[in-house]
Amino acid sequence: MAAVDSFQLLYRQIARTCNTYIDALAIVGAWYVTRKSICLICDFYSLVRLHFIPRLVSRRDLLKHFGKWALVTGGADGIGKAYAEELASQGINLILMSHDKSKLENTATAITEMFKVETIIIEADFTRGREIYQLIQEALKDKEIGILVNNVEVPYEHPQFFLNISEDKLWDLINVNIAATNMMIHIVLPGMVQRKKGAIVNISSGSCCKPTPQMATYSSTKTYLDHFSRALHYEYASKGIFVQSLLPFYVKTNTATHNDDLCIYCWLAPSANVYAHHAISTLGISHRTPGYWMHSIQFLFAQYMPEWLWVWGATLMHNRLRRQGAHKS
């Protein structure tokens, strides 16, 4: 009987101790759920504020806020061309840069005829590295550039493993995706600081959310652009400069490579024109955004998604796209 009494006493002591821990864990759990709920509410509010409320008010006058000239790298086609057209629709003169002179001329002519703005083209092959920037600086010395859009990039033809990428391709990824953005900002930013106004748009990618297998170098260069843009915004916001990191997911463009195979089945991918129309409405409002409302929802899910799930999904998708790309080649 004494043994039974001892066991019941021990059980009551353990139960009281467990109740104490359960109460503590309940408090921690309630705090965690509350914190996550508040974050989700804030993210949802930001989504509405950024993508829907501006549709109810008058369009932001970019010409008044930033200046009469905009420079768009990679402006001959794709997102760059669509963004340039949106700027021109607001009466902003354009300087378009690309390595393809014929495309530049066709794009500049079409924009001038449609929107009655002045357009200048500069042929520049950013894969050549440092040697081109002195010539670019001389060509831009008399222009008061209010908006700089860094869109030029070297993409993957299709997802592939790191060792299957040539050395020349790796250098192009670094020289164009990273160095070109830094050097163009270094050329244009002093004039913006002197005038105490200006906007810089660096087009990164939604792939910078988390490590992305089979796009390791490309996604890493885009992660660099995202972090660089955010840091630069904090450095120069007090001087009147707005720096924006755009994080698009899949967009249907004429220059798309492996994206085309995905976009056939994916209604989440807008056209370049639709994307640019939405993205430009966020300029001067959000310094880091996917630019398109559905992409913002995708980005929100990606942020809260476990890394292993992102990697698993990316690996499945990229395995299929890699095989399709290899078959086409």
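Which residues is Leu87 in contact with, leaving aside its neighbours within four places in sequence? Select Leu87 in this predicted model and you'll find Leu62, Ala70, Val72, Ile92, Leu94, Ile147, Val149 and Ile280.

Now widen the view to the largest nonpolar core, which has 34 residues. Leu87 is one of those that touch the most other members, along with Tyr83, Ile147 and Leu283. Colour helix α3 (residues 78–88) next: with six residues, α3 gives the most to this core. Apart from that core lies another, of 33 residues, including Ile95, Ile145, Leu189 and Ile241.

Show side chains here: Lys81, Ala84, Glu85 and Ala88 from α3 meet Thr107, Ile111 and Phe115 from α4. By class, that contact holds four nonpolar residues, one polar and two charged.

Last stop: select helix α6 (residues 167–195) and helix α7 (residues 216–236). Their axes also come within 10 Å, crossing at roughly 15 degrees, so α6 runs roughly parallel to α7. Again, the crossing is right-handed. On the α6 side, look for residues including Leu170, Ile178, Ile185 and Leu189; they belong to a contact whose α7 members include Tyr218, Leu225, Phe228 and Tyr236. What classes of residue make up the contact of α6 with α7? Twelve are nonpolar and five polar, with no charged residues.

Note on methods. Residues numbered from 1 in each chain as written. Predicted model: local features only at pLDDT ≥ 70, side-chain atom pairs only at ≥ 80, totals over all residues. Heavy atoms only, no water. Axes fitted to C-alpha atoms, helices over the stretch in contact; angles between N-to-C directions. Helix = DSSP H or I, 4+ residues; strand = E, 2+ residues; numbered from the N terminus. Parallel < 35°, antiparallel > 145°, perpendicular 65-115°, else oblique. Left-handed = near helix turned anticlockwise from the far one by under 90°. Contact = heavy atoms within 4.5 Å. Nonpolar A, V, L, I, M, F, W, Y, C, P; charged D, E, K, R; others polar. Core = buried A, V, L, I, M, F, W, Y, C linked by side-chain atoms within 4.5 Å. Buried < 20%, exposed > 50% of the residue type's maximum accessible area, 1.4 Å probe, protein only.
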